[in-house]
Amino acid sequence: MLLTAVLLLGGGLTLWASAPQAPPTPSPSPVLTGKDVLSADAARSLEADLSSGDKSRIRRALTVPEGQKLDSKFYAGIAALGAFTIREETAVQLDDNSAGVYADVQHGRVRTWTLLLTRTDGGWLVASTLKGEQL
Amino acid sequence: MNPRHARQVIIALVVILGAVAHAMSGAAPQALADSTPTDHVTKDHPVVLVHGWTGGPANDTKALLEEKLRGEGWQFFAFDYSKFNTLWAADAHIWKKLADYITEISKEQHAAGGDGRVYLVTHSMGGLAARFAAAHLDDPTVVIGGVVTVGTPHQGSPWGNAAEGAWGKFIEAVLHGKFADPGWGSMARVCLAPHKGDDELPPGCAVPPYFPSGIPVEQIAGNVVVERSYFGVHAYDVTVGGDGVVPATSANGYLGSAAGAKPRGSFSPTQVDCRIPENAVVSAIGSQIAVPWQYFTDANLLDQLADARVGLVVAFLLGRILIAGDTCSHMTMMTNGPVVDKMAESLSSLAAKHSPMTMARLKSIRVPRLCDHAAGKLKNGQLPLSEREGYVTLDTERTRVGAIVPGQPDGAAAVFHCSQGGIGWPDVVVFYNNLGGILGTFDTGDIGSTGGRQQVSQVTLGHSTVTIGVGAVPLKGDNELWGTSRATVTYGWNAGRRVMSRGAVAIEYPDPKARQLAQALNRRDLNAARKLSPSSTEEQLTPPTGASVKFDHCVGAVSGEYTEEFRGNQRGCLIKYFYENGNYSDYMAVMALQPEGWTITAYRNVGG
């Protein structure tokens with residue numbers, strides 16, 4: 001188990017350190033919630049992009065690396081999900097550049113997802129999605 | 001730190017420190033145990049499992065392999081150096097103990113009726129410990145049957161010697177004053193620095209030597225593939241290119257990991273992919289970790305791994321992979337199903353390297369391109385071809401299994417008959433080593449004049465030599481479908497090129513016997529002439545007075561010279577009588593190949 005302990009510990013220490021050291025500001029910010037984190041306009045914009053069925057709009061809502069090829073069925077799969085409703089009142093700031101928020105997705109029945117958002121060039125993008133309410 | 005952060009960090013630390021404690025706990029009780037093979041050693045193939053840095057005896061792997069290879073003639077031993085498991089593998093506390101352990105098991109297995117060969121399955125730094133240990137064995141190529149390395153950092157790890165990088169500085173800065181020294185600030189961490197063949201390791205770190213030539217090594221690398229998805233829809237995969245600790249290039253980089261001449265032998269690299277859903281990674285320790293995903297691109301990660309510059313983001317991500325990939329990462333690969341399957345397969349492959357070739361194996365062996373048929377694998381001794389395509393058939397009667405390569409188990413000289421285009425082609429002999437590796441081919445069509453349907457009559461194996469009798473060898477002027485002669489061809493082991501090379505070629509010609517007859521006739525030695533041509537009359541063997549008798553040349557069935565005087569499977573040798581008046585007569589000795597050699601079956605005047 002080469003370096004396992006160091007790695008695990010390191011992972012933990014990184015976590016331990018990541019919150020107070022979140023870039024770019026060294027000091028913690030006050031915790032923001034709801035619309036103070038994610039405005040209604042920003043939420044509607046993300047919803048519109050995700051629900052558009054348009055490849056470029058879907059892609060611009062996500063933190064997909066530039067040049068990254070996506071699964072050939074990805075866009076059709078997202079389009080098939082139906083309407084997205086982001087509940088901005090549930091938003092929680094995680095650090096200066098990250099936030100979490102719940103979204104309901106109509107796919108046969110309504111499913112709730114936790115969206116992990118990251119701020120890029122002043123706008124919020126979906127960095128990851130987790131099933132259910134996990135904040 | 002806000003309350004939410006505090007809660008998440010506390011949870012994360014509990015999870016991680018719990019995992020650390022779990023990782024360490026396996027070693028602690030075992031540390032008290034001495035690594036001596038106290039179990040009963042039988043004649044089955046012994047496998048010594050060698051754990052890695054900070055680890056303990058691989059008992060879980062032992063149980064899995066015992067189950068997987070049950071009834072196949074294996075026995076397993078978990079070597080334990082956990083008391084010294086933070087030392088560099090070059091430390092005698094590790095390698096000497098391992099060398100002694102291997103030697104002891106080898107002796108006991110040999111005493112029990114086995115071949116004395118020990119196989120090693122090593123995890124991580126255990127593979128490097130085995131390299132140091134092998135260098136100190138009296139006769140490593142006899143004692144070690146082969147080695148399987150699993151996630152071994154042959155060319156180091158980006159984590160090794162990380163104290164020079166940001167990650168190391170970070171750890172050091174946090175560790176000091178925060179925790180008691182847990183032992184992981186050891187030489188091993190320094191010595192596992194990334195390196196290649198001619199590179200030197202940091203001061204105080206000996207480079208692991210290669211295993212001696214002839215010890216086969218099967219390398220298994222883990223490769224984590226993170227499945228990235230949004231809303232449960234698969235988007236793309238992120239290939240880590242390693243198991244989170246050891247890059248696949250290092251785990252498969254045995255050759256090129258030490259200075260000096262590379263060893264000879266078999267060094268199979270393999271990679272076992274292990275897929276982890278992104279959500280498993282993210283969910284493992286809380287939503288906080290999701291943010292750096294924006295940096296998690298192949299290029300970013302792999303570039304850093306390749307350059308051994310493990311940045312904090314990458315360290316962070318890989319650390320999470322280790323935790324989330326509970327069956328899929330460096331720390332768990334020794335019990336990962338596909339990896340264990342590969343270990344078992346590798347052990348079988350290594351054992352086969354010491355098994356002799358058999359006729360049964362030859363019947364399903366791979367053959368090279370023969371008679372213009374593409375290379376392929378035999379089925380029941382034949383290439384699977386349609387009747388229209390022809391055939392390639394193993395001749396089990398003439399094929400011989402035995403010593404081919406000095407010092408290696410039996411190989412074979414396999415004889416093949418084949419046809420293409422509706423006609424039979426000359427036989428081919430293919431030389432195999434015990435593994436089925438092709439050491440050379442002998443196309444009997446190369447012997448004699450062009451064309452022909454040469455056939456192998458017999459094969460005899462000597463000490464690394466193969467003597468092949470070839471029949472139906474066409475001589476000049478023979479009907480190409482009916483070669484009249486035969487030859488003996490010798491092949492021998494070429495140690496320099498490691499192939500079978502052709503030596504002497506002896507083709508039997510009728511000319512010498514016809515020349516002897518001409519000489520006997522010329523000197524009027526009737527007795528000698530009768531011995532050479534017993535079926536001829538005294539009159540036939542008495543040349544006219546004053547005639548000078550000389551051998552001229554021999555002809556074949558399609559030569560156009562006196563071909564009506566002999567059959568297609570014979571040759572005619574012309575002997576000329578020169579008279580004092582300047583005239584001459586042509587006589588012919590009709591020659592046929594008998595078991596004892598060319599013989600004269602008839603002798604008569606054919607013209608002039």
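Trainee: B:Cys554 and B:Cys573: buried or exposed?

Mentor: Both are buried. Buried means under 20% relative accessible area, exposed means over 50%, and partly exposed lies in between (1.4 Å probe, protein chains only). Keep the ground rules in mind: this is a predicted model, in which local features need pLDDT of at least 70 and side-chain atom pairs count only at pLDDT 80 or more, while totals for chains, interfaces and linings use all residues. Residues are numbered from 1 along each chain as its sequence is written, chains are lettered from A and ligands numbered from 1 in the order in which they are written, and side-chain values use heavy atoms, with hydrogens and water left out.

Trainee: What do B:Cys554 and B:Cys573 form?

Mentor: A disulfide, which is a pair of cysteine sulfur atoms within 2.5 Å. Here the sulfur atoms of B:Cys554 and B:Cys573 are 2.1 Å apart. The torsion about their S-S bond is about 100 degrees, so the link is right-handed. B:Cys554 sits in strand S19 (residues 548-555) and B:Cys573 in strand S20 (residues 571-578) of chain B, so the bond ties together parts 19 residues apart in sequence. Helices (H or I, at least four residues) and strands (E, at least two) are DSSP runs, numbered from the N terminus.

Trainee: How many disulfides are there over all chains?

Mentor: The count is 3. One of them joins B:Cys191 to B:Cys205, S to S 2.0 Å. That link is left-handed, with -80 degrees about the S-S bond. B:Cys191 lies in helix H7 (residues 187-191) and B:Cys205 in the loop between H7 and strand S5 (217-230) of chain B, so parts 14 residues apart in sequence are tied together. B:Cys191 is buried at 1% relative accessibility, and B:Cys205 is buried at 9%.

Trainee: Which residue does a disulfide join to B:Cys371?

Mentor: B:Cys418, with S to S 1.6 Å. The pair links distant parts of the chain, 47 residues apart: B:Cys371 is in the loop between strand S8 (366-367) and strand S9 (376-377), and B:Cys418 is in strand S12 (residues 411-420) of chain B. B:Cys371 is buried at 8% relative accessibility. B:Cys418 is buried too, at 1%.

Trainee: Back to S19. How do I read a sheet?

Mentor: Strands of a sheet pair through backbone hydrogen bonds, either parallel or antiparallel. Two strands pair if DSSP finds at least two bridges between them. In chain B, 4 strands form an open antiparallel sheet in the order S19-S20-S21-S22. S19 and strand S22 (597-607) of chain B stand at the edges with a single partner strand each, so one side of each has no neighbour in the sheet. From one strand to the next, the twist averages 25 degrees.

Trainee: Over how many bridges do S21 and S22(B) pair?

Mentor: Strand S21 (residues 584-594) of chain B and S22(B) pair over 9 bridges. One residue pair to look at is B:Ala592 with its bridge partner in S22(B), B:Thr599. Helix H14 (residues 511-522) of chain B packs on the sheet and touches S19, S20, S21 and S22 of chain B. Its direction makes about 165 degrees with that of S19(B). Axes are lines fitted to C-alpha atoms, for helices over the stretch in contact, and angles run from 0 to 180 degrees between N-to-C directions.

Trainee: Which residues does B:Val549 touch?

Mentor: Contact means heavy atoms within 4.5 Å. Not counting residues up to four places away in sequence, B:Val549 touches B:Ala518, B:Leu521, B:Asn522, B:Arg524, B:Pro543, B:Ile575, B:Lys576 and B:Tyr577. B:Val549 lies in strand S19 of chain B and is buried, at 4% relative accessible area. The C-alpha atoms of B:Val549 and B:Arg524 are 9.6 Å apart.

Trainee: Which residues touch the most other members of the largest nonpolar core?

Mentor: A nonpolar core is a set of buried Ala, Val, Leu, Ile, Met, Phe, Trp, Tyr and Cys residues joined through side-chain atoms within 4.5 Å. The largest has 42 residues, and B:Val48, B:Trp88, B:Leu98, B:Leu120, B:Met125 and B:Phe211 touch the most other members. Elements of chain B that each supply at least two residues of this core include strand S1 (45-50), helix H3 (92-111) and H7. Apart from this core lies another of 36 residues, among them A:Leu38, A:Ala43, B:Tyr236 and B:Ile276.

Trainee: And chain B as a whole?

Mentor: Chain B has 15 helices and 22 strands. Buried residues make up 52% of its 608 residues.
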